[in-house]
Amino acid sequence: MSTKNPNRIDNTFANLKSNNRSGFVAYIMGGDPDFDKSLALMKAMPDAGVDIIELGMPFTDPAADGPVIELAGLRSLKAKTNVGTILKMATEFRKTNNTTPIIVMGYANPIHHMGYATFAAAAKNAGIDGAIIVDLPPEEDAELRAAFETHDLALIRLATPTTDDARLPIVTKDTKGFVYYVSVAGVTGKALGQSADVASAVARIRKSSGLPVVVGFGVKTPEQATSVAKDADAVVVGSAIVDTFFKHGHNEAIKLIKSLADAAHKT
Amino acid sequence: MSNFPDENGRFGAFGGRFVAETLMPPILALEKAYREAQNDPSFQAEFDHMAEHYIGRPSPLYFAERLTEHAAKDSDNNKGAAKIYLKREDLNHTGAHKVNNVLGQLLLAKRMGKTRIIAETGAGQHGVATATLAARFGMQCIVFMGEVDIQRQKPNVFRMKLLGAEVRSVTSGTATLKDAMNDALRDWVTNVNDTSYCIGTVAGPHPYPEMVRDFQSIIGRETKRQILQAEDRLPDAVIACIGGGSNAMGIFHEFIDDKNVRLIGVEAAGRGVDTKFHAASLNGGSPGILHGNRTYLLQDAHGQINDAHSISAGLDYPGIGPEHSYLHEIGRAEYLSATDDEAVAAFQMCTKLEGIIPALESAHAIPRTIDIARQLGDNGLVIMNLSGRGDKDVNTLADILGVEI
């Protein structure tokens with residue numbers, strides 16, 4: 001594999017743009033239900049149409065997540081997953097794929113415990129491209145951001161329906177890669193926000209950040225994916241995939257991912 | 001030192017605002033509203049009026065003569081024991097110190113036009129206090145409580161329901177206080193427009209640790225006035241039990257700049273700090289990030305939160321308020337611990353000697369108060385915050401003692 005330092009996120013959005021289509025971002029919980037099954041799903045995702053992988057890092061107290069992700073995290077922890085295991089998944093994945101961006105998503109404490117600088121170096125080494133740390137708002141992410149900048153990793157910020165015009169510049173300043181718009185004020189897996197609101201929010205954030213805007217929280221079906229993809233640069237689906245994978249296994253999860261990816265790519 | 005936190009909500013390296021972006025605007029709005037209320041004499045006047053006429057403040061500072069005699073009896077080298085005073089927060093309306101903070105937060109919610117109040121509770125004391133004032137102010141109230149705690153605090157659950165609150169059973173995680181707090185945060189993130197989250201302790205994102213401390217600091221202000229009146233001097237030590245640490249911060253705050261007054265917090269050691277079954281975040285934990293603040297936590301080698309254990313539901317929490325972490329690190333306050341067994345023995349002793357049934361939470365402070373009183377000898381003076389009454393705990397005690405009631 002190439003050892004140079006590809007900017008997989010920017011390349012991915014550039015490719016999507018040149019093909020004039022929106023992207024599809026899929027979230028899975030790393031290590032759920034165990035390392036091997038989770039890694040097999042991750043490896044199958046690019047061929048099923050996933051443009052960016054969001055790899056969940058489990059935490060005992062996921063206060064921003066709904067029950068589907070929370071339970072997935074607890075299953076993963078039961079299988080002895082930790083930050084090191086998640087990094088190992090990325091390393092394994094990179095052995096056969098050097099183009100699909102991997103964004104890890106989770107909570108601050110496990111990486112704070114490891115040490116932000118140690119985590120950033122290890123993440124880079126594992127072929128990870130960026131992170132979303134749910135409980136690090138701009139006011140608290142300076143230390144991690146500095147560590148990420150050293151290793152040219154993207155610390156991706158969240159914008160939400162409560163992020164008003166006064167606050168938006170605080171959120172979009174210093175952000176890299178893309179901005180993740182949370183379509184509803186709520187936990188993961190709830191109902192989707194009103195499409196008119198999503199369209200105007202995406203436009204506002206794109207203007208403020210100059211970056212691609214991906215939209216998630218509440219997208220469950222291909223119809224919703226198509227509808228959101230009309231406005232967003234990419235659509236994120238998490239809970240629906242995690243739930244299907246848990247209840248119906250690998251093949252059904254891949255089938256769902258394919259249908260969602262096709263729906264997102266249609267636009 | 002009493003001027004903390006800074007404008008970012010930091011007490012040294014602790015505190016802060018570690019919340020999802022959705023909650024940043026509401027906590028910034030809360031902080032703004034709190035600053036305005038602090039500068040509004042009518043807000044303070046309404047708080048004082050309700051504190052006096054509804055809560056029943058000031059609470060007495062009571063000389064516990066027989067507890068003092070008991071301490072003196074087996075004292076070190078027969079040097080007697082310090083006089084022990086109890087700050088009687090157990091005599092407040094609803095039976096604990098919790099109501100002081102709830103009064104402040106609900107007056108603030110009313111001011112902000114919020115109509116729906118959510119709260120987490122462990123022992124149920126904060127839940128009962130919130131349900132009580134929500135009833136008084138005509139607000140909708142939802143209390144999140146772990147399924148395990150609902151089982152061990154049935155009288156308080158029924159009390160909340162009588163007061164018109166909805167008690168939501170939390171089954172996730174360990175089904176105790178930390179999980180109730182997770183679910184309350186999930187509710188708040190979903191209902192930010194009309195809902196105010198009334199946090200029960202000096203933890204959570206800024207401005208909660210500061211605001212809750214300020215509302216509770218009425219305990220320390222009264223105590224200082226009362227002890228000067230009774231003894232014409234400041235105490236040698238002020239002692240309080242600690243779960244999240246609101247009753248302790250409430251009584252400590254006024255004394256922080258009085259360097260000769262020792263401030264002593266007593267954590268719940270459960271079956272022992274050297275076992276896996278305790279709730280002593282400072283004595284058995286390390287700094288981390290949970291529930292909106294950086295503070296000492298019980299956690300494993302991978303930064304996952306460990307379950308806390310205490311016989312008292314109100315202390316059964318794997319974290320502690322960030323200001324305590326700060327006072328611990330700079331050495332201004334000392335943090336000791338007491339086991340389940342010590343608390344149960346002290347509960348019975350206080351009941352028999354003083355005719356006061358303490359909350360199991362407060363009972364943790366008693367053995368260390370006696371230790372300190374003995375160390376100081378008969379020229380000493382100590383004050384213990386008796387943070388709540390123990391009527392709610394009689395079922396738990398009966399179970400432990402094998403008594404059927």
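Start by selecting Glu70(A) and Arg186(B): they form a salt bridge, with the closest N and O atoms 3.6 Å apart. A salt bridge here is a side-chain nitrogen of Lys or Arg within 4 Å of a carboxyl oxygen of Asp or Glu. Between chain A and chain B the count is four salt bridges.

Before moving on, a word on the model: it is predicted, local features need pLDDT of at least 70, side-chain atom pairs count only at pLDDT 80 or more, and totals for chains, interfaces and linings use all residues. Residues are numbered from 1 along each chain as its sequence is written, chains are lettered from A and ligands numbered from 1 in the order in which they are written, and side-chain values use heavy atoms, leaving out hydrogens and water.

**The interface**

Now show both sides of the interface. Across it, 20 residue pairs are in polar contact, both residues at pLDDT 80 or more. H5(A) gives the most, with five residues. Helices (H or I, at least four residues) and strands (E, at least two) are DSSP runs, numbered from the N terminus.

In total, 34 residues of chain A are in contact (heavy atoms within 4.5 Å) with 36 residues of chain B. The area buried between the two chains is about 2700 Å², and carbon and sulfur atoms give 53% of it. Select Asp61(A), His113(A) and Glu140(A) next: in chain A they lose the most area to chain B, together 20% of what that side buries. Buried area is the accessible area (1.4 Å probe) that two parts lose on being put together, summed over both.

**Inside chain B**

Go to Glu361(B) in helix H15 of chain B. Is this residue buried or exposed? Glu361(B) counts as buried because its relative accessible area is 8%; buried means under 20%, exposed over 50% and partly exposed in between (1.4 Å probe, protein chains only). Leaving aside residues up to four places away in sequence, Glu361(B) touches several residues, including Cys241(B), Ser312(B), Lys392(B) and Asp393(B).

**A helix in chain A**

Select helix H10 (residues 222-229) of chain A, whose buried residues are Ala225(A), Thr226(A), Val228(A) and Ala229(A). These pack against strand S8 (213-216), strand S9 (234-237) and helix H12 (250-265) of chain A.

**Backbone stops**

In chain B, zoom in on Phe4(B) and Pro5(B), joined by a cis peptide bond with omega about 5°. Pro5(B) sits in the segment before strand S1 (10-11) of chain B. Another cis peptide bond joins His206(B) and Pro207(B), with omega about 15°. Look for Pro207(B) in the loop between strand S8 (195-197) and helix H9 (208-216) of chain B.

Finish at Asp152(A), which has a positive phi of about 55° although it is not a glycine. Asp152(A) lies in the loop between helix H7 (142-150) and strand S5 (154-155) of chain A and is partly exposed, at 45% relative accessible area.

Note on methods
Polar contact = N/O pair within 3.5 Å; in protein donor to acceptor, adjacent residues only side chain to side chain.
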